[in-house]
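Visitor: Could we go through the aromatic rings and their neighbours together?
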Amino acid sequence: MRVARDDQYVLNHTTRFLARDAGDVAEPFHLPVIDTHWDGSSAETSYRFNDVTFAHRDDQAREVGVVGTFGDLHTPVPLRRVRFLDEPTDLWAVTVRVGKGQVHRYRFAVDGRSVLDPVNPQRQRGDNGQEWSRFFTHGCAVPISFDRWELRLLERLVTQVLPFQLAENRRFLGDFYHRLSRSERDRQFPLAFLLDESVGVVNFIDKLLAREERHNLDDYKTCLRLIDGVLRARFPGREPTELGRQAFMDLYDELAANNVPGWDTGRYGEPRHFLVLLRRHAMTGAFAHPKHGGNNGAAAWAYLAERFDFDWRAALEAPLGRNTDYRG
C-alpha cells in the first residue's frame with residue numbers, strides 16, 4: 001500500500017545521506033528510510049506499521065519501479081521523479097506501508113532492467129540464488145547477522161554485562177510482564193516478544209550490526225568463535241552455552257584484564273576491546289527505544305522508573321506510552 005509523502009519529506013530524509021557523485025554514499029544504512037506510520041486517526045492501528053521510503057538516483061531513467069516481498073513480486077510499484085523548486089531532480093522515490101517486525105527483499109526495475117539498490121549494503125539471496133537488496137522494519141526479531149549458535153553464546157555473554165542478574169531484578173522483570181493478562185500485554189506492549197534477562201539486547205545487537213554498525217560485525221564473528229574455542233578447551237565435552245554462571249564470570253574478568261588464556265591474539269589482538277564493544281552495545285540496547293529491537297515492552301525503562309522519578313510513559317508514543325503527539 002502506497003503512502004503519500006511529499007517531495008520535501010523525501011529530500012529531507014534521503015539527500016543528506018547521498019553525496020554529489022553517483023555511487024559515493026554517506027551513511028548508507030539510512031536507506032531505505034524506515035519511519036513511523038500515521039493513518040491520521042488511531043495510534044493503536046498506526047503503531048503496527050512503518051512507512052518505508054525507497055529512493056533511487058538516475059538522471060537517465062525514463063521509468064523506475066520497485067518490486068519486493070512486501071508486495072506483488074510480479075508488479076513493480078512505480079517510483080515518481082522528485083522535484084525541487086518545481087524542477088525535476090535525478091531522484092526517484094516512493095513510500096509504502098509495511099508491517100513492523102518484518103524482513104523483506106527487493107530490487108529496482110529501471111527501464112525494464114532489474115537492479116540491486118546501489119546505496120543499501122544489505123543483501124539477501126533468494127532460493128534460486130539471485131541476490132536481492134534487503135531491509136527490515138522496527139521491532140524485527142528475525143535473526144539477520146548471526147547464526148543460531150552465535151546468538152545463544154551472545155545471550156550468555158550479554159546477561160553477564162547487564163544489571164538484571166540479581167534475583168530481585170530478575171523477579172522484577174518477570175512480574176512486570178507476566179502479571180499482565182494476554183490482552184493487556186498485546187494492548188500495552190504490541191510487538192514485544194517474551195521477556196528474558198537480556199530484555200531483547202541480543203536482538204538489538206543483531207539488528208545494529210546489520211545496519212548502523214555493520215563495520216563491527218567481523219569483531220563479533222571472530223570473537224564469538226574464539227570464545228567458543230576457549231570454553232570448549234576448558235570444559236571438554238560440554239556445550240559452552242550450557243556452562244554455569246561462574247564460567248562466564250571468570251571469562252568476563254579475563255576479558256576485562258585483557259588476558260584470556262587460550263585466546264589467539266593473532267586473530268584478534270585485544271580481547272578487552274571486544275568487551276568494551278559488547279558493553280556499549282548491551283547497555284544501549286537495554287535502554288534504547290524498543291523499536292530498535294531491545295528493551296522489550298520498555299521493561300528497562302520501567303526498571304529505572306521503580307528506582308528513580310522517571311515517567312517514561314509521558315514521553316513515549318501511544319500505545320506503548322500515553323503521549324499522543326510524539327509518533328516514535
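**Rings and their contacts**

Guide: The charged end of lysine 100 is placed over the ring of tyrosine 47, 3.7 Å from its centre. A charge sits over a ring if NZ of Lys or CZ of Arg is within 6 Å of the ring centre and within 35 degrees of the ring normal. This is a predicted model, in which local features need pLDDT of at least 70 and side-chain atom pairs count only at pLDDT 80 or more, while totals for chains, interfaces and linings use all residues. Residues are numbered from 1 along each chain as its sequence is written, and side-chain values use heavy atoms, with hydrogens and water left out.

Visitor: What lies over the face of phenylalanine 49?

Guide: Arginine 97 does, at 4.1 Å from the ring centre.

Visitor: How many aromatic pairs does a search of the whole structure find?

Guide: The search finds 10 aromatic pairs. Rings of Phe, Tyr and Trp (its six-membered ring) pair if their centres lie within 6.5 Å; planes under 30 degrees apart count as stacked, over 60 as edge-to-face and the rest as tilted.

Visitor: Why is the pair of phenylalanine 54 and phenylalanine 70 stacked?

Guide: The pair is stacked because the planes are at 25°, with the ring centres 5.3 Å apart.

Visitor: Is phenylalanine 54 buried or exposed?

Guide: Phenylalanine 54 has 0% relative accessibility, so it counts as buried. Buried means under 20% relative accessible area, exposed over 50%, partly exposed in between (1.4 Å probe, protein chains only).

Visitor: Which residues form one aromatic cluster?

Guide: The cluster consists of Phe54, Phe70, Tyr106, Phe108 and Phe135.
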